[in-house]
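Keep the 3D view open as you read.

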Amino acid sequence: MGALFAILAVVALMMIGVPVVFSFAAMTFILSIVYDVDISSLMTTGFWSVNSVVLLALPLFVMTGYLMQAGGMAARLVHFVEALVGRSRSGMGSSMVVACGIFGAISGTASAAVASIGTIMIDPMEKHGYKREYTSALLGISSLLGLLIPPSITMILYAVVTRQSVTACFLATIGPGILLILVLCLMNWIKMRLQPDQSNEVMSFRKRVVEVNDNIWKAFPALMLPVIILGGIYGGIFTPTEAAAVAVVYAIPVGLFVYRELDLKKTIRCLVDAATTTGVIMVILVFSFVSSRIFTFERVPQELTELLMDIFQDKLLILLVVNIFLILLGMIMDDVSVVAIISPLLLPVMESIGVDPIHFAAIVGTSVVIGCNSPPMAPILFMTCRVGKVGMSQVMRPALGFMVFAALPVMLVTTYWSPLALYLPRVMGYLD
Amino acid sequence: MSKLLALIATIDAVLVFLIKPVLGLISAAIAFMLALGIFTRAVLDAPLFGLEELILVVAMWIYMLGAVLASRERSHLSADFVQVVCSNPKMIQVMRLLSTLISLLMAVMFVTWSYDLLQWGINKGQATPVFQLPWYISQSSLFVAALLFCFYLIRDLLADLNTLLHPGTLPHPVISEDNC
């Protein structure tokens, strides 16, 4: 009961505009009163949990995203994908989706993808007959591929708070990520087929080969980044944190000397911005770890498990309830809060019904994609509205379409068909 | 109140002048140290011991100073739900003031918790295994961040009060100009 009160208090505080970090501090404070716990002694838990090498991947991947954006790598990447996928109308939408996927394979965040890909692609797409509200909604959902395609910040957080392998969690969301890419491209293709336009311009094959050939060399240094990151991690050469550091060390000279769009001032700004973005998350995590420890002391996850098992009994029903719960929470909480607080609470429930923690990582990841685009919180959708210069009310309809016909089915398939998430971790030897 | 806010803006300018270069330097140093560790291990086959502990001692400072800058810019993650459901400007201002006040109370609590942590760290005398660096270097970052959270929240509280008490006047600029 005390735990429920504390969680409701967090939600209430967040709804009146108290920043997440102080809402979490309030939750910790309430828990300490309800359960008569001394927080000062638990601060050591918070400190040592956050002060880990694994979590260092977070600021470093965010830095890579900012450096790519400021250093011109993101622009080359988008131009290459545009040339590759084609300049036809449906091709442009697909190239936005694919570019977001590739961007996700480098930075692991959605906001950097929105800022860099949105500013480059929205205007040209409008010239090709795309409505700005449609493009913004497509960008909003596609940018969230960064949360699914490794290295994903969300998966790093999940792995740390639930004490799972980061690499296994990365692998678990590749399948759902690729499925989302395919569904979004298909939806876009259907939409463009149903909406014929005079401005339809199809590039000839020969012209496309020339353009791809031209752009691939310009984008080559940028394209090497996901190869280095993913190849290094899965080749066993370095850990995700080391991969993130290599990405930063690679992105700086490429931006400075190859593309020449980065200078010392811009580099420092990128590093400072990344620290600002991740600093907020880290303080939230300190309180989240302290709260989780109190929850564990008080057997809250076990009580929650017993309660859900008593009420629903059936595994499929519990999974459905968890899906709905995660979507509703995503609507009022940001992705960091959902992962940090809810994952450790629900993991015992999942384990008790035979869901693997790595499978649950994929379920959480796909749910967060919906939450990040669902008002009132909808941080990514708000950002795409700003970048696309459209109102929230205009973008809601196409965004809802993408959520109902793309993100929701992907979440349901991920939830009820575990091989989609577990095949790769199993093949790579992270699961029995 | 204006004089007080002007004084806070001056202190803020000094803080930013100090924090931003330090953040940039530490962030770059961490990335390069980790890359150096891979190079010596994978290429030279001579792993560098102690690199990881050096990194961890300073990493917490990146997080905490980063969070302080977020406080300064009022860019902490938040829901902004009130602005979505309410169109009454007075009500929005009152809710904003209330949220700042609650945040300030929590920041004060954070000061006491982080001070206890620092005191525990000093008394315990824990140090890193290779270089024997005391862990309170890292733990003190939480205390410093908590104090600076309070500083910026007091600024925000004064600015919010000012806006509420003097409707029609523009909100006092809460962020000083900086060149970084």
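B:Asp45 sits in the loop between α1 and α2 of chain B. Its phi is near 55 degrees, a positive value in a residue other than glycine. Is B:Asp45 buried or exposed? With 64% relative accessibility, over the 50% cut-off, B:Asp45 counts as exposed. Please keep in mind throughout that this is a predicted model.

A:Arg260 is not a glycine, yet its phi is positive, at about 55 degrees. You will find A:Arg260 in the loop between α13 (240-258) and α14 of chain A, and its relative accessibility of 67% makes it count as exposed. In that loop, between α13 and α14 of chain A, there is also A:Glu261. A:Glu261 is partly exposed, at a relative accessible area of 32%, and it forms a salt bridge with A:Arg76, with 2.5 Å between the closest N and O atoms. Because A:Arg76 belongs to helix α5 (residues 73-85) of chain A, the pair ties together parts that are 185 residues apart in sequence.

Another backbone feature to look at is a cis peptide bond, which joins A:Pro150 and A:Pro151 with omega at about 0 degrees. A:Pro151 is placed in the loop between α8 (132-143) and α9 (153-162) of chain A.

The buried residues of α1(A) are A:Gly2, A:Ala3, A:Ala6, A:Ile7, A:Ala9, A:Val10, A:Val11, A:Leu13 and A:Met14.

At 10% relative accessibility, A:Asn215 counts as buried. Setting aside neighbours within four places in sequence, A:Asn215 is in contact with A:His79, A:Phe80 and A:Ala83.

A:Asp123 is partly exposed, at 38% relative accessible area, whereas A:Arg132, at 15% relative accessibility, counts as buried.

In chain B, the side chains of B:Arg72 and B:Asp12 meet in a salt bridge, 2.7 Å from N to O. This pair links distant parts of the chain, 60 residues apart: B:Arg72 is in helix α2 of chain B and B:Asp12 in helix α1 of chain B. B:Arg72 counts as buried, with 1% relative accessibility, and B:Asp12 is buried too, with a relative accessible area of 0%. Chain B also has a network in which salt bridges with shared partners join B:Arg74, B:Arg96, B:Arg155, B:Asp156 and B:Asp160.

Finally, look at where the two chains meet. The contact draws 56 residues from chain A and 55 residues from chain B. The size of an interface is often given as the accessible area lost when the parts come together. Between chain B and chain A, the buried area is about 4900 Å², and carbon and sulfur atoms give 81% of it. How many salt bridges are there between chain B and chain A? The count is one, and B:Arg41 forms a salt bridge with A:Glu242, its closest N and O atoms lying 2.8 Å apart. Three residue pairs are in polar contact between chain B and chain A, counting pairs with both residues at pLDDT 80 or more. On the side of chain B that touches chain A, the elements giving two or more residues are α1 (2-43), α2 (51-72), α3 (81-85), α4 (89-124) and α5 (136-165) of chain B. Of these, α4(B) gives the most, with 13 residues. The residues on this side of chain B divide into 38 nonpolar, 12 polar and five charged.

Notes
Residues are numbered from 1 along each chain as its sequence is written. Chains are lettered from A and ligands numbered from 1 in the order in which they are written. This is a predicted model: local features need pLDDT of at least 70, side-chain atom pairs count only at pLDDT 80 or more; totals for chains, interfaces and linings use all residues. Side-chain values use heavy atoms; hydrogens and water are left out. Contact means heavy atoms within 4.5 Å. Buried area is the accessible area (1.4 Å probe) that two parts lose on being put together, summed over both. A salt bridge is a side-chain nitrogen of Lys or Arg within 4 Å of a carboxyl oxygen of Asp or Glu. A polar contact is a pair of N or O atoms within 3.5 Å; within protein, one must be able to donate a hydrogen and the other to accept it, and residues adjacent in sequence count only if both atoms are side-chain atoms. Helices (H or I, at least four residues) and strands (E, at least two) are DSSP runs, numbered from the N terminus. Ala, Val, Leu, Ile, Met, Phe, Trp, Tyr, Cys and Pro count as nonpolar, Asp, Glu, Lys and Arg as charged, and the others, Gly among them, as polar. Buried means under 20% relative accessible area, exposed over 50%, partly exposed in between (1.4 Å probe, protein chains only).
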